[in-house]
Amino acid sequence: MKFGREAASLPNHRALSANERILLSQLQRFSPLSRAELSRRTGLALPTVSRLSEQLLRDGLLVADQKVMMSSLGQPSTPLSANADGAFAFGATLRAEQLSMVLVDLMGRERARRVEAISAPRLDAVMERMAILTEDLVNDAGVAADRVAGIGIAVPGFFIGEPPLINAPLGMEDWAVAELEEVLGKALALPVAVENDGSAAAVGERIYGAGREVDSFAYFYIDRGFGGGIVQSGRLLRGAHGNAGEFTGLIPPEQRSSRPTLALLLQLANAAGNQHETIAALLNNLDVQAPYVDDWLRQIGPATDLALSAVAAVFDPAAVVLGGRLPTDLAQRLAEQSAFYSVPVRDRDRPFPVILPSQIVGDAAALGAAAVIFDRLFF
């Protein structure tokens, strides 16, 4: 089988044509739009836009608003909007201490959420809980089950081998199965997409966050570890082995203990007398002006600047987005202190990316996992 990031389509909804995807993507970002405006934005002929939009309306992916005058000239027009209730997806992310699941609508709004503490991330036990939580989330949100397109699952680790396996962290050896999506799909009775957590979060940022304004960015996924994803020309860049965005690989091994991770922040907080058992507990009570946060920013500065500068030199994105589980106010502090290596020539240097906190609110990996489902089918 093709692994998660390579599978072509999912069966609960029909796969849209390239032009239908273009239309739906425009409406997901800029609703409402008239058919004439869609034609201007996409370069598609107006009859083509009308024909395709009628099919998308029948599919329930678009809704038609009341007729309005879109300009001072011509007849009233019926604007079109993406239908938030047209499709839903589950997103799940697995961490050392917790399982987080959300139900997300087509516009990226979280409609229901469950977070559970786990003692050991065994595959069989996690599948059993996921199967229960899918029913709970649908019931919580009052959503029709037949509108759910599938479930995306974000897992820490990187891909190895052929066919690819997810090389998950220690304690998750039973997740390293070539047929992982098939195994999960049978257990959950849903189409499944498995993705690395950093890449999943980058897809979510592309569709629902900074990607609405910039089409090329590097996404720094900061959690227990440090990874991410690369979006180029509006698409996730995967690389030959599926591991583009493994930014820890930019940092020499002897410096990796000081890379930007929340595991290090937890360590420093506990050493300062602010005792927390988990990263989740730390984030629930985080004071971003605390002295241990200053220590964290100081320690991670060199490795962060190294990663930023390498990404800017190799990829030259418009932006670097600081995301993962990093709170927005802490991401802002990190952005303000970070810098790219600069060696001006004739008092001028090349342009550098802007450093931005993520625009995603909530669990970036879980929302991103749901976005992977939408990305395959609709965008």
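The lining of the largest pocket divides into twelve nonpolar, nine polar and eight charged residues. Keep in mind that this model is predicted.

**Stop 1: the pocket.** The largest pocket holds about 620 Å³ of space. Select Pro-156, Gly-157, Pro-169, Asp-197 and Gly-225: of the 29 lining residues, these are the closest to the pocket centre. Next, colour α6 (197–208) and β11 (226–232), the elements that give two or more residues to the lining. Which of them gives the largest share? Strand β11 does, with three residues.

**Stop 2: α1 and α3.** Select residues 18–30 for helix α1 and 46–58 for helix α3. Their axes lie 10 Å apart, at an angle of about 80°. That makes α1 roughly perpendicular to α3, because angles of 65 to 115 degrees count as such. Now show side chains. From α1, take Asn-19, Glu-20 and Leu-23; they meet Val-49, Leu-52, Ser-53, Gln-55 and Leu-56 of α3. By class, this contact has four nonpolar, three polar and one charged residues.

**Stop 3: α9 and α10.** Move to helix α9, residues 291–314, and helix α10, residues 328–337. Here the packing angle is about 50°, and the axes are 10 Å apart. Helix α9 is therefore oblique to α10. The crossing is right-handed. On the α9 side, select Val-293, Asp-294, Trp-296, Leu-297, Arg-298, Ile-300, Gly-301 and Thr-304. On the α10 side, select Leu-330, Arg-333, Leu-334 and Gln-337. The contact of α9 with α10 counts six nonpolar, three polar and three charged residues.

Definitions and conventions
Residues numbered from 1 in each chain as written. Predicted model: local features only at pLDDT ≥ 70, side-chain atom pairs only at ≥ 80, totals over all residues. Heavy atoms only, no water. 1 Å grid on protein atoms, 1.4 Å probe; cavity = no way out; pocket = protein on both sides within 12 Å on 5 of 7 lines; lining within 4 Å. Points joined across faces, edges and corners; volume = space filled by probe spheres on them. Helix = DSSP H or I, 4+ residues; strand = E, 2+ residues; numbered from the N terminus. Nonpolar A, V, L, I, M, F, W, Y, C, P; charged D, E, K, R; others polar. Axes fitted to C-alpha atoms, helices over the stretch in contact; angles between N-to-C directions. Parallel < 35°, antiparallel > 145°, perpendicular 65-115°, else oblique. Contact = heavy atoms within 4.5 Å. Left-handed = near helix turned anticlockwise from the far one by under 90°.
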